[in-house]
Amino acid sequence: MNEPPRLPGGSFAAWSRDRLAVARRGADECGDVWQLEAGVYVAATAGPCEAVLQRAQDFPKAPSPLFPPLKGSNGAPTAQERTHAHAARMRGLRAQSVAARVGEIAPGAALFAEQWPTDRDVDVLPAVRHALAEIGVRYLFSEDAGTLLPFAAQLFLAREVLVRPSRWEWPRWIPTPARRFRTRQQAAFTDALRPIVRRRRSSGRLGDDVLGQMLSPSARYGPLPEEAVLDTLPGITVATFEAPTRAAGWILLHLARHPQAADRVAAEAVSLPADPAATTSTHVDNLRYTQALVHEVLRLYPPSWLLTRRATRQTQLADYTVDAGSTVLVCPYTAHRDAREYSEPDQFRPERWLNGSGSPASPGAFLSFGTGPHGCEGAALAMAMLTLLTAHTARCHRLSEPPGPEPGYQVTTFEGLATAGLRLRATSRGPGQSRLP
């Protein structure tokens with residue numbers, strides 16, 4: 001996660017007012033890569049987008065400044081400690097680990113659906129965020145999640161305040177009110193987490209959650225220093241539910257706008273066990289259409305629609321010679337609407353993700369979780385959370401939009417695409433109504 005990129009002349013702030021339209025028009029009129037201004041390039045179609053993300057040496061992902069090491073710690077983790085921390089996190093976040101813990105994810109998704117108030121309009125995103133935060137924080141910290149969840153909510157609030165659009169771009173060393181608030185919330189989270197880390201280490205019961213994986217000594221590096229554990233966890237904690245919340249808003253909106261697709265998801269969800277804790281990876285694998293629907297919504301509305309990279313050396317990108325220090329903006333939103341990758345790219349067609357007549361066996365470029373060396377660490381967890389939330393919601397309810405103006409969406413300078421102010425109404429499905437005729 002990054003703060004809004006600084007571009008020459010403040011062009012990014014001006015462009016952000018209508019960036020989606022500009023990006024789409026630029027892709028249509030200017031081709032695969034186009035130059036926004038001197039030193040600023042936009043990779044707009046699938047090939048260049050994938051090339052930039054795969055070429056991590058030429059276009060590295062900048063370290064996240066959102067939750068930098070706190071003063072008083074031993075400073076930023078060393079390169080070796082970052083490598084160790086990443087490997088430790090991935091032991092808990094890789095697809096096999098997520099599959100083994102699906103029974104811990106499903107109850108939260110089922111509870112969200114069961115507690116959705118019926119026959120009245122509901123502000124969707126806050127409810128989804130609360131549900132996904134509980135699921136994500138519990139996945140990271142297991143029995144210690146209850147202690148840390150309130151602090152995780154405040155971390156998210158600090159993130160929202162920090163990236164709120166502003167007419168001024170202050171140097172990062174200036175302690176603005178938003179940055180001071182971020183520091184206070186980060187310190188509070190760290191103070192709550194530190195005794196948990198020490199208790200687990202002193203007892204020897206490290207746990208099999210993500211925190212436990214980070215506390216387990218590496219055969220190559222040994223134990224990860226305490227400060228390196230504490231410094232790396234605020235960002236990943238917020239990431240478990242921040243982008244998935246944006247994605248879930250678009251998914252639920254599509255369930256409301258495409259009732260036949262929602263009925264098909266509901267029929268498939270009948271196969272889930274009555275006790276959500278008994279859910280296994282096999283149950284999730286059998287939700288093939290539900291996963292296809294989630295992929296299709298993520299294709300049309302990637303929760304992070306714009307990714308920022310900076311060239312480390314002079315290099316070639318399409319027809320441009322990109323100088324060292326130039327900014328390259330990777331746009332999954334337009335890459336996912338590249339007609340060379342997807343037929344009828346603007347149409348909502350979950351079936352394109354299924355093998356069968358008229359559907360490609362290998363869909364086109366899919367960049368909602370990034371790709372290459374810096375692809376999203378939590379992609380498997382996010383897909384499990386979103387698939388189960390979609391299935392349980394459709395099994396329990398029919399969703400509809402209230403009368404009135406269409407819900408809007410906002411594009412933030414934080415590179416996010418969200419359904420701002422989305423309200424939906426749920427009507428309970430009666431017994432047997434989840435099955436297609």
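Me: Which side chain does the side chain of Thr371 join through a polar contact?

Reply: In this predicted model, the partner is Gln54, and the polar contact between the two side chains spans 3.3 Å. Such a contact is a pair of N or O atoms within 3.5 Å.

Me: Where in the secondary structure is Thr371 placed?

Reply: Thr371 belongs to the loop that runs between helix H16 (332–335) and helix H17 (379–396). The protein chain has 17 helices and 11 strands.

Me: Is Thr371 buried or exposed?

Reply: A residue is called buried when its relative accessible area is under 20%. Thr371 has a relative accessibility of 19%, and therefore counts as buried. Across the protein chain, 52% of the 437 residues fall in the buried class.

Me: Which residues is Thr371 in contact with, leaving aside its neighbours within four places in sequence?

Reply: Contact is read from heavy atoms within 4.5 Å. By that reading, Thr371 touches Glu50, Leu53 and Gln54; Gln54 is also the partner in the polar contact. For the protein chain, of the contacts with a separation of 6 or more, 76% link residues 24 or more positions apart.

Me: How much of the accessible surface of the protein chain belongs to carbon and sulfur atoms?

Reply: The accessible surface is about 19,300 Å², and carbon and sulfur atoms account for 51% of that area.

Key. Residues are numbered from 1 along each chain as its sequence is written. This is a predicted model: local features need pLDDT of at least 70, side-chain atom pairs count only at pLDDT 80 or more; totals for chains, interfaces and linings use all residues. Side-chain values use heavy atoms; hydrogens and water are left out. Helices (H or I, at least four residues) and strands (E, at least two) are DSSP runs, numbered from the N terminus. Buried means under 20% relative accessible area, exposed over 50%, partly exposed in between (1.4 Å probe, protein chains only). A polar contact is a pair of N or O atoms within 3.5 Å; within protein, one must be able to donate a hydrogen and the other to accept it, and residues adjacent in sequence count only if both atoms are side-chain atoms. Accessible areas come from the Shrake-Rupley method with a 1.4 Å probe; for residues, only the protein chains shown count as cover.
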